[in-house]
Amino acid sequence: MNKPNVVVTRKWPAEVEAQLKEHYNVQLNESDIPMTADELKFALQTADALLPTVTDVLNADILGVANKRAKIIGNFGVGYNNIDINAAKAQGLIVTNTPHVLTDCTADIAMLLLLMSARRAPEGERLIRNQQWKGWNPTQLLGQKVTGKTLGLIGFGRIAQAMAKKAHHGFGMKILCYAPSQPDPAIMADLQATRCATVEELLSEANFVSLHCPGGEATKHLINEQRLKLMRPSAHLINTARGDVVDSKALIKALKENWIAGAGLDVFEGEPAIDPEFLDLNNVALLPHLGSGSEETRIAMGNRVLANIAAFFAGHEPDDRVV
Ligand code: DGY
């Protein structure tokens, strides 16, 4: 039997690429240069499965290309706001993602940013790297204690819950959440968590606010100037979700004018471009979208895509079908 044609848009971990080579006629991307819109269209016309990742924008124009061969899009990533889901549906394309396997690593990065921001780690590191450190003194770079403080999570899915577990059981933090639907009572009881009725209530009560909602139109600029003003002057905002959930200009203003104490960001509006004003601010910790970036997790994400397309080509429903 002929092997299906598969196009992978970016470089993947070597052991997952080896699996792809074994089971498919695969076009890999050795150069790791992002594919153009025309290349993505051509891939949809020539491959049975297209395997993009969260930085490949698959809009209605690309998905609507004539004479498509592709039947399935196996996204390498849990978030799929890079794909116009309505257009994919209209085109009869199946879309899958990679949930579960990146939960802990992304929660770890959220916790890392929280600690970095609270304890002024980026400033401390710069002091040493710039050879400006004159030695310990009682008032140097005083940050805020994390243990025992209140963490507010906006969105309360798998990653938020994993962060809440680390924060509550590891750091004795009090947990608040804002979730559109009632979270599992057993999880709430284990975390001794309180569900806030509004985002506003959570913002005004939390010492640390961490964002865990999906990206896209529904959550664009959910954190805006008005809401930033509700946060405590000693509070920190952590974003490992999607850049456009936060209005960056408003956040820059909040950090400059000390409406809040700090922020920790792993994602940015329009990334990889970053508003240059962030670079001049001392009270922000910046990471380059590292949430799922551990060897184990990226291999697991690749394997999840492999399992999804294998199920599809065997005539079964893929486990992680989103459309
Ligand atoms: C995702 O999967 O959505 C992350 O942003 C990248 O791992």
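# Rings, ligand and salt bridges

F313 has a relative accessibility of 28%, so this phenylalanine counts as partly exposed (buried is under 20% relative accessible area, exposed is over 50%, and partly exposed is in between, using a 1.4 Å probe and protein chains only). Heads-up: this is a predicted model, where local features need pLDDT of at least 70, side-chain atom pairs count only at pLDDT 80 or more, and totals for chains, interfaces and linings use all residues. Residues are numbered from 1 along each chain as its sequence is written, and side-chain values use heavy atoms, with hydrogens and water left out.

**Aromatic pairs**

- The count is 4 aromatic pairs, a pair being two rings of Phe, Tyr or Trp (its six-membered ring) with centres within 6.5 Å; planes under 30 degrees apart are stacked, over 60 edge-to-face, and the rest tilted.
- W12 and F76 make a tilted pair, because their planes sit at 40° with the ring centres 4.8 Å apart.
- W12 is in the loop between β1 (5–8) and α1 (14–23), while F76 is in the loop between β4 (72–74) and α4 (85–90), so this pair ties together parts that are 64 residues apart in sequence. (Helices, H or I with at least four residues, and strands, E with at least two, are DSSP runs numbered from the N terminus.)
- W12 and F76 are both buried.
- F312 and F313 pair up edge-to-face, with 5.2 Å from centre to centre and 70° between the planes.
- Y24 joins F312 and F313 in a cluster linked by ring pairs.

**Around the ligand**

- V54, G77, V78, G79, L102, R242, H289, S292 and M301 are the residues around the ligand, each with a heavy atom within 4 Å of it.
- That shell splits into 4 nonpolar, 4 polar and 1 charged (Ala, Val, Leu, Ile, Met, Phe, Trp, Tyr, Cys and Pro are nonpolar, Asp, Glu, Lys and Arg charged, and the others, Gly among them, polar).
- Ligand oxygen distances: 2.5 Å to an N or O atom in the S292 side chain, 2.7 Å to an N or O atom in the R242 side chain, and 2.7 Å to a polar backbone atom of V78.
- On its own the ligand has 230 Å² of accessible area, and the protein covers 89% of that (Shrake-Rupley method, 1.4 Å probe).

**Salt bridges**

- Side chains of opposite charge can pair when their charged atoms come close.
- The model holds 17 salt bridges, counted when a side-chain nitrogen of Lys or Arg is within 4 Å of a carboxyl oxygen of Asp or Glu.
- E17 and K11 meet at 4.0 Å, N to O; E17 is buried at 6% relative accessible area, and K11 is partly exposed at 42%.
- K253 bridges to E225, with the closest N and O atoms 3.3 Å apart. This links distant parts of the chain, 28 residues apart: K253 is in helix α11 (residues 248–256) and E225 in helix α10 (residues 225–228).
- K249 reaches D275 with the closest N and O atoms 2.8 Å apart.
- D275 is buried, at 19% relative accessible area.
- K249, K256, D275 and E277 belong to one network, joined by salt bridges that share partners.

Key. A polar contact is a pair of N or O atoms within 3.5 Å; within protein, one must be able to donate a hydrogen and the other to accept it, and residues adjacent in sequence count only if both atoms are side-chain atoms.
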